[in-house]
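User: I am new to protein models and would like to learn how to read one feature at a time. Could you take me through this one slowly?

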Amino acid sequence: MNSPVADTVPTVTDETSAQASTHGTAPASPPGRSVLVTGGNRGIGLAIARALAADGDRVAVTYRSGEPPEGLLGVRCDVTDPESVEAAFTEVEEKQGPVEVLVANAGITRDQLMMRMSEEDFADVVQTNLAGSWRVAKRASKGMLRLRRGRVVFISSVVGLLGSAGQSNYAASKAGLVGLARSLARELGSRGITFNVVAPGFVETDMTAELGEDLQKTYKSQIPLGRFCSVDEVARVVRFVAGDDAAYVTGAVIPVDGGLGMGH
Ligand code: NDP
């Protein structure tokens with residue numbers, strides 16, 4: 001089967017790619033990479049942004065309202081809106097250079113049993129979590145193709161492969177990220193761009209803190225490690241997969257779930 005990609009991906013030759021193919025290993029990234037984390041103004045995304053900034057990367061985060069976090073470049077962006085995505089990338093490119101590391105983290109839930117779930121709640125979740133991730137990956141790939149390197153990390157969920165009653169929209173969107181990452185890994189691997197999925201389990205966030213004590217106990221009893229995950233534990237795995245040590249990892253689904261989804 002002929003690949004539809006060969007004709008559509010721009011051809012760029014530079015010294016970096018020549019080195020990579022000659023030696024069979026990817027060259028180390030120059031320090032101070034330009035990073036964009038969607039939904040990096042709070043929660044897991046903010047922990048990821050802070051971890052990468054601590055390593056010396058120049059990190060931008062998207063936010064929709066309020067103020068962006070201190071010390072990071074905040075760019076307004078709604079991932080469901082192509083024009084907003086374009087404007088955000090243009091701003092990041094102007095202020096810190098083309099995005100070399102993209103963490104597609106923005107996500108929402110609209111939980112409801114299927115029989116009661118509205119068309120809107122299904123579409124909103126898929127449009128944000130899956131189509132939004134595709135949209136930002138597509139835009140980021142433009143610059144990465146020119147650089148002939150790049151790291152894209154999609155933040156999925158254990159629920160994507162395990163399933164969860166009342167979360168058919170969310171689980172479908174998060175499972176979709178696996179097919180998305182693996183397809184893009186095949187399309188753009190030869191250009192030095194990796195696409196991976198990080199799939200957290202229960203993470204200590206405002207959402208999980210609001211669960212009643214009994215419910216928290218029940219959930220924890222199902223997790224082999226017996227506890228919820230901290231946002232920093234997710235961030236450390238993302239930092240690894242976005243770093244030079246993971247240069248040969250692509251199309252992978254990396255669970256950070258205390259063993260909850262083992263085998264899925
Ligand atoms: P939060 O609800 O704390 O934050 C979600 C982030 O996504 C916010 O920054 C929010 O921006 C942003 N966002 C939502 N919709 C859009 C949009 N249309 N355009 C741009 N940004 C948007 O989530 P968490 O930190 O808990 O989760 C982060 C990711 O991790 C999500 O993808 C989630 O599905 C996933 N995850 C979370 C788990 C958990 O236990 N918390 C477990 C497994 C996966 P704003 O502030 O403007 O609303």
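Analyst: Let us begin with burial: a residue is called buried if 20 or more other C-beta atoms lie within 10 Å of its own, exposed if 12 or fewer do, and partly exposed in between, with the C-beta atoms placed from the backbone. This is a predicted model, in which local features need pLDDT of at least 70 and side-chain atom pairs count only at pLDDT 80 or more, while totals for chains, interfaces and linings use all residues. Residues are numbered from 1 along each chain as its sequence is written.

User: Which residues of helix H6 are buried?

Analyst: A word on the names comes before the case: helices (H or I, at least four residues) and strands (E, at least two) are DSSP runs, numbered from the N terminus. In H6 the buried residues are Asn 169, Tyr 170, Ala 171, Ser 173, Lys 174, Ala 175, Leu 177, Leu 180, Ala 181, Leu 184 and Leu 188. In general, an α-helix has 3.6 residues a turn, so residues three or four places apart point the same way. The buried residues of H6 pack against H4, strand E5 (150-155), helix H5 (158-162) and strand E6 (193-200).

User: What should I look at for the protein as a whole?

Analyst: The secondary structure comes to nine helices and seven strands, and the C-alpha trace spans about 60 × 45 × 35 Å along its principal axes. A further guide is the radius of gyration, taken over C-alpha atoms and compared with a globule rule of 2.2 Å times the number of residues to the power 0.38. For 264 residues a compact globule would have a value near 18 Å, and the protein has 18 Å, which agrees. Buried residues make up 41% of the 264 residues.

User: How do I read contacts, and which residues account for 69% of those with a separation of 6 or more?

Analyst: Two residues are in contact if their C-beta atoms, placed from the backbone, lie within 7 Å. In this protein, residues 24 or more positions apart account for 69% of the contacts that have a separation of 6 or more.

User: Which residues touch the most other members of the largest nonpolar core?

Analyst: In soluble globular proteins, nonpolar side chains tend to be buried together. A nonpolar core is a set of buried Ala, Val, Leu, Ile, Met, Phe, Trp, Tyr and Cys residues joined through C-beta atoms within 7 Å. The largest one here has 67 residues, of which Ile 48, Leu 102, Val 198, Val 234 and Val 238 touch the most other members. Leaving aside neighbours within four places in sequence, Ile 48 is in contact with Val 37, Gly 40, Val 103, Asn 105, Ala 235 and Val 238.

User: Where does Ala 47 lie, and which residues does Ala 47 touch?

Analyst: Ala 47 lies in helix H2 and is buried, because 24 other C-beta atoms are within 10 Å. Not counting residues up to four places away in sequence, Ala 47 touches Val 231, Asp 232, Val 234 and Ala 235. The C-alpha atoms of Ala 47 and Val 234 are separated by 8.2 Å, although the two residues are 187 residues apart along the chain.

User: Is Val 152 buried or exposed?

Analyst: Val 152, whose place is in strand E5, counts as buried because it has 28 C-beta neighbours inside 10 Å. Among its contacts, with neighbours within four places in sequence left aside, are Leu 102, Ala 104, Ala 137 and Ile 193.

User: Which residues come nearest to the ligand?

Analyst: A residue is near a molecule if its C-beta atom, placed from the backbone, lies within 6 Å of it. Of the 29 residues around the ligand, Gly 39, Gly 43, Arg 64, Ala 106 and Gly 107 come nearest. The elements that give two or more residues to this shell are helix H2 (43-54), strand E2 (58-63), helix H4 (119-147) and helix H7 (206-209), and H2 gives the most, with three residues.

User: How many residues of that shell are charged?

Analyst: Ala, Val, Leu, Ile, Met, Phe, Trp, Tyr, Cys and Pro count as nonpolar, Asp, Glu, Lys and Arg as charged, and the others, Gly among them, as polar. The shell around the ligand divides into eleven nonpolar, 15 polar and three charged residues.
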